[in-house]
Amino acid sequence: MIKLIEKIEGEAKLNFSFEKGLIDFVEIEFLSTRNIEKILQNKNALDALVITPRVCGICNHAHLMASVQALESCYEELELSNRAKITRELTLNFEIIHNHFKWFYLTIMPLMGYKQYLLKATQPSQLMAKAIATIAGQYPHTSYSIIGGVVSDIGMMDLIKVENYIDKTLKFFEQNLVHAKSDEFLECNNSNKLLSKEGDLPNLVNKIKDNGWSNVGKSYDRFIAFGENSYFKKGKSIKTRLTTNIYIDKVQEASNINSYAKNVLYKERYYEVGPLSRAMINKTPLIKDAHRKYGDSILSRILARVCEIPQLLNHSKKLIKQLDLSEPSYIKPKIDISDITALGSSAIEASRGFSKSDDRIREYSISRTEL
Amino acid sequence: MLSKKLKILWLTAITCNGNTHSFLNYPHLDIFMDTFEFIYHPSIDSAYTLNDIINKEIACDILIIEGSISTEYIKADAPIVDIINKYASKVQKIVTVGTCASFGGMFRESDYKDTTGLHFDKERPTSLFEHIKEKTISLSGCPVHPDIIANTLYSIEKKRAIELDSLLRPKEFFAYTVHNGCTRNEYFEYKIDNHQFGKKEGCMFYDHGCHAPYTHGSCNKILWNEVNSKTRTGLSCMGCTEPTFPKGDFFHTKKNMGIPQYLPFGVAKRTYLTLAGITKAFHIKRLEEDLFDD
């Protein structure tokens, strides 16, 4: 059986394999490619910062960050200010939050039989886009992060504006997704307690439970995250066993004869990536509890993704307090990238998975692993 | 009862969907959706599926095309060229959103055969869709600003005449240059050419590849996300609204004998050199210092 899936920024086909009348395996067949790796060949290395974000209109910022970090990893010595690191992390957080809202209201709620709440998707995601634009000029498709830092020199008043966008987004979360203070939500370690609340998230999750879908969507129950920063931890988790020693060079990519998308494996095994993986590795109490009760199902996955919204908003507020505006935003590299021959790589956590970039100056490889 | 809303088909070809997501940043979508209805959109729910669009006869008033076009590109088992032709013949207007759909753009360089925009291969007019050219409005940009999409659609709905340039772009948005309204303009005017990334001060035209003085667009007139622009924040304009996008080598200004290869629109080399010579003869202390210096 083959089904066309739409409204996923392009189309794909799902090829189902059945065993005893039940779905045993599903293969995703992407029907087109944009060949961004080919477009990058023989270009100036810095052009990757403009071209790579055009891989995707929804996670363009993650691709910018993966590109700049891959280029920076080509240097043996490169100075990066704490200000630049925090600024980059802030705008990446805002993109992840931006996408979580769109995914919840534009994709998941309609999938579960609710009407599509367009404005509930766009209202908070526009606030996050404004926060990115305040720092990075525009959203989508900025290239403000360059080798050695960021191009912008934001001031205190800009940060106040960004803080207001964060507070307004938190307020939206508390008034719509879970009718509770976000601190209370983040302290909750019992998913059943959450389901007794009002709001779009508990309503949706209760519907999943009531319809007996809480075991739907299970995968390998193996989790991995590479894009380490001040919030996300790197590691892999298989059931309750957590390992932090993982290596990006053990990620293997294989062409797929049925699809333009590559198969991505770690040490020859498939892993889940994205918010549920990050929560399992970060040991987020609410998500660990959901996983204990419902496994790696769609229910746990939805909770994990929505849970990242207040987590990252609150963490971003803390990051802003750590910003020292007297530090430089950009420190010019001592060696120009055009004088370097090197192979660099990086991995960045994105809203739906992680983006890995390998930059060989003349060749470029992108793995975009998503769920 | 039949809806009186204007019906739009948003069709995507070879694209990153950046225009789709840029449009979702339009701040007045509530009002917009009172006037327009998408019979199909890549993200917004619609009454019809893609298979319906391809296999049935669905009434439509405006065809929006996003993404580069190739005769090789197949969408849900149908050639994109056939889908475009099917709806182009019945709609009032066709709107290309983004530089890919308008001129080929970034994905002109992808591996598909003969990839172009709807009517242009970069600046060169193409003939494949000549028969629908008079219906078309091109909204270039990578991505295009949401206000430009929404207000063009409103103009069609209100049956207002839209004055277009030779590349079919509305003059009201594209007669300006991105340079117009940039907060760094004084540094350009007085040729303060010591820009460094990460600073509020300086102009990126002289060394860091800013295309703003020779790029048509309203980025510094209609701000992005209502708050900012790339050049205001210190990032060079990449010339993304022009048919030549992507030119490449985005962060460096190409020069011949120290003179930028691309000069502001309409400014002759001699004029530029004369003005540059005069301004370089003066030192303007205020512009040579940091903005916040006492």
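Before we look at the helices, one definition: an angle over 145 degrees between two helix axes, taken between their N-to-C directions, counts as roughly antiparallel. With that in hand, please turn to this model, which is a predicted one, and to helix H4 of chain A, residues 82-111, which packs with H12(A] at an angle of about 155°, the two axes lying 9 Å apart. H4(A) and H12(A) are therefore roughly antiparallel to each other, and their crossing is left-handed. On the H4(A) side the contact includes Ile86(A), Leu90(A), Trp103(A) and Phe104(A), while among the residues that H12(A) brings to it are Ile302(A), Val306(A), Leu312(A) and Leu319(A). Taken by class, the residues of this contact between H4(A) and H12(A) are 13 nonpolar, five polar and three charged.

Just after H11(A) comes Gly295(A), with a positive phi of about 65°.

Finally, the two chains: 51 residues of chain B are in contact with 52 residues of chain A. On the chain B side, helices H1, H2, H3 and H9 each supply at least two residues, with the largest share, four residues, coming from H1(B). That side of chain B divides into 23 nonpolar, 17 polar and 11 charged residues.

Terms used:
Residues numbered from 1 in each chain as written. Chains lettered and ligands numbered in written order. Predicted model: local features only at pLDDT ≥ 70, side-chain atom pairs only at ≥ 80, totals over all residues. Axes fitted to C-alpha atoms, helices over the stretch in contact; angles between N-to-C directions. Parallel < 35°, antiparallel > 145°, perpendicular 65-115°, else oblique. Left-handed = near helix turned anticlockwise from the far one by under 90°. Contact = placed C-beta atoms within 7 Å. Nonpolar A, V, L, I, M, F, W, Y, C, P; charged D, E, K, R; others polar.
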